[in-house]
Amino acid sequence: MATVIIPTPLRKFTNNTARLAVSAGTIQDTVNELTLNFPDLKKHLLDEGGNIRSYVNIFVGNDDIRNLQQEHTAVKEDTVISIVPAIAGGAPDATFSGNGASNGASPTKQDAPAPNAAAAFTREELARYDRHIIIPGFGMEAQQKLKAAKVLVIGSGGLGSPVLLYLAAAGVGTIGIVDFDVVDDSNLQRQVLFGVNEIGKPKVEAAKRRLESLNPYINLRIYNTHLNSQNALDIIRDYDVIADGTDNFPTRYLVNDAAVLLGKPNVYASIFQFEGQVSVFNYKDSEGYPGPNYRDLYPTPPPPGLVPSCAEGGVLGVLPGIIGSLQALEVIKVITGVGDTLSGRFYIFDALNFESRTFNIKRREDNPVNGKNPTITALIDYEQFCGMRAVEEKALKEITAKELYDLQVKGEKYQLIDVREPHEYDIVNIGGELIPLGTIINNADSIAGRIDSNKKVILHCKMGGRSAKAIRALEEKYGFTNLYNLKGGILSYIDEVQPELTKY
């Protein structure tokens with residue numbers, strides 16, 4: 001029987017089973033068998049027309065079925081089938097703010113920076129980089145290329161931390177950092193760039209201080225701002241290589257499109273729970289032809305809310321260290337030309353089973369940015385492209401932590417619903433009725449009867465995102481008008497009302 005490898009985000013629908021045996025003769029038969037045995041998989045694998053979703057890649061061996069016979073690709077008894085959906089992960093989605101379109105720029109060839117007189121080393125630098133310089137096949141030439149290079153790291157969180165630390169330590173001459181978030185104590189489980197003394201401070205400033213203490217011989221540029229369609233081209237244009245460590249799909253597509261329009265290589269990484277992904281996009285080969293980019297792998301994003309971020313789904317703290325280090329490795333290989341990059345290949349690491357797989361990917365003629373007939377020649381509204389703008393057009397009613405406290409003090413009647421997961425509730429709760437978001441989405445009919453329509457009903461989660469999704473689902477299906485989202489979630493309530501409670 002053939003073997004299907006189920007990715008981390010979908011294992012909760014297969015009873016946490018990572019490998020399944022199937023007796024199907026084609027990929028279509030395989031998908032049908034999976035969705036028959038595990039009905040909850042269906043909406044994640046198939047669209048309303050019964051077709052495999054565009055953001056779900058299926059590989060037979062190391063090859064994408066889109067480069068074979070698609071869903072009619074034959075499945076043999078010894079076939080290994082891998083399902084690879086898009087996952088978001090890295091830095092918090094504070095790195096993105098979609099603000100309309102911007103004028104594009106013509107692609108230009110971007111080679112690895114050549115060594116020059118400006119890359120001359122001091123005696124102290126030669127001592128610092130000695131272990132690089134003595135490596136056969138790397139040596140002084142590669143180290144000079146590192147010093148001459150300019151790398152932009154987008155996101156300084158879970159992935160950005162190891163990327164920045166290792167690029168700075170390696171001697172990359174100019175490093176740009178884009179992030180507008182501040183350090184939170186919940187970051188410290190994985191964002192090793194920061195310490196407790198940096199809590200509450202802008203991440204880019206904290207990162208700059210840490211990296212300056214690590215290597216005083218490099219130039220650091222910080223951008224404490226949202227990356228959006230209006231500023232992305234201006235920021236990215238000055239750099240040789242982009243390292244994308246963001247945590248949301250609008251920014252993924254924004255960074256990809258900007259890199260393609262400007263002719264910049266984009267070193268991609270993503271993490272979720274126990275799984276990480278790495279690739280190199282838009283990297284020009286020796287003849288100047290660009291390799292595949294993110295849109296060749298995932299032509300369209302998943303619907304809003306279907307794929308959770310790390311803040312919602314969690315991530316093993318050590319995983320971004322592993323994946324971010326691999327991302328830094330690929331940046332160094334792109335700069336120096338030493339070794340073979342992951343261009344045209346897609347690497348996946350499963351920390352839970354300690355397995356890694358590498359898949360082949362190719363350019364698509366229908367790629368809207370650089371395919372046969374490009375339709376995107378300038379940056380677009382990426383929130384709208386990812387389906388988020390329509391969701392956000394209708395404003396939700398909100399209540400602040402202090403307003404909730406006032407209700408509690410005055411003894412006014414209200415209903416409080418906690419949509420987090422049971423393990424989160426066990427860590428800390430403020431007395432709400434526990435109804436996880438998944439239960440609300442999948443069993444809305446039974447949940448609606450538990451909601452009192454005659455008084456104010458307040459929903460909350462950790463930070464406000466999941467409770468907002470629950471409210472929209474309930475309002476859309478049942479027309480509730482008395483639902484309020486706790487702004488900032490339980491973390492805001494702890495900060496403003498009960499600081500003695502546990503934060504996580």
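Which residues touch the most other members in the largest nonpolar core?

Modeller: A word on the ground rules. This is a predicted model, so local features need pLDDT of at least 70 and side-chain atom pairs count only at pLDDT 80 or more, while totals for chains, interfaces and linings use all residues. Residues are numbered from 1 along each chain as its sequence is written, and side-chain values use heavy atoms, with hydrogens and water left out.

Now the core. A nonpolar core here is a set of buried Ala, Val, Leu, Ile, Met, Phe, Trp, Tyr and Cys residues joined through side-chain atoms within 4.5 Å; buried means under 20% relative accessible area, exposed over 50%, and partly exposed in between (1.4 Å probe, protein chains only). The largest one has 58 residues, and Ile83, Tyr298 and Phe346 touch the most other members. The top contributor is helix 9 (residues 249-262), which gives eight residues. Helices (H or I, at least four residues) and strands (E, at least two) are DSSP runs, numbered from the N terminus.

Take Ile83. Skipping neighbours within four places in sequence, Ile83 is in contact (heavy atoms within 4.5 Å) with Val4, Ile5, Ile6, Pro7, Leu10, Leu34, Leu45, Val56, Asn57 and Ile58. Apart from that core lies another, of 45 residues, with Val280, Ile323, Val334 and Phe349 among them. As a general point, nonpolar side chains in soluble globular proteins tend to be buried together.

You'll find Leu41 in the loop between helix 1 (27-37) and helix 2 (42-45), and at 0% relative accessibility Leu41 counts as buried. Residues up to four places away aside, Leu41 touches Leu10, Phe13, Thr14, Leu34 and Thr35.

Back to Tyr298 and Phe346: both sit in one aromatic cluster with Tyr253, Tyr268, Phe281, Tyr294 and Phe385. Rings of Phe, Tyr and Trp (its six-membered ring) pair if their centres lie within 6.5 Å; planes under 30 degrees apart count as stacked, over 60 as edge-to-face and the rest as tilted. By this rule the count comes to 13 aromatic pairs. In one of them, the rings of Tyr223 and Tyr239 have centres 6.5 Å apart and planes at 75°, so the pair is edge-to-face. Phe349 and Phe354 are also edge-to-face, at 5.4 Å centre to centre with 90° between the planes. Phe349 is buried at 6% relative accessibility, whereas Phe354 is exposed at 66%.
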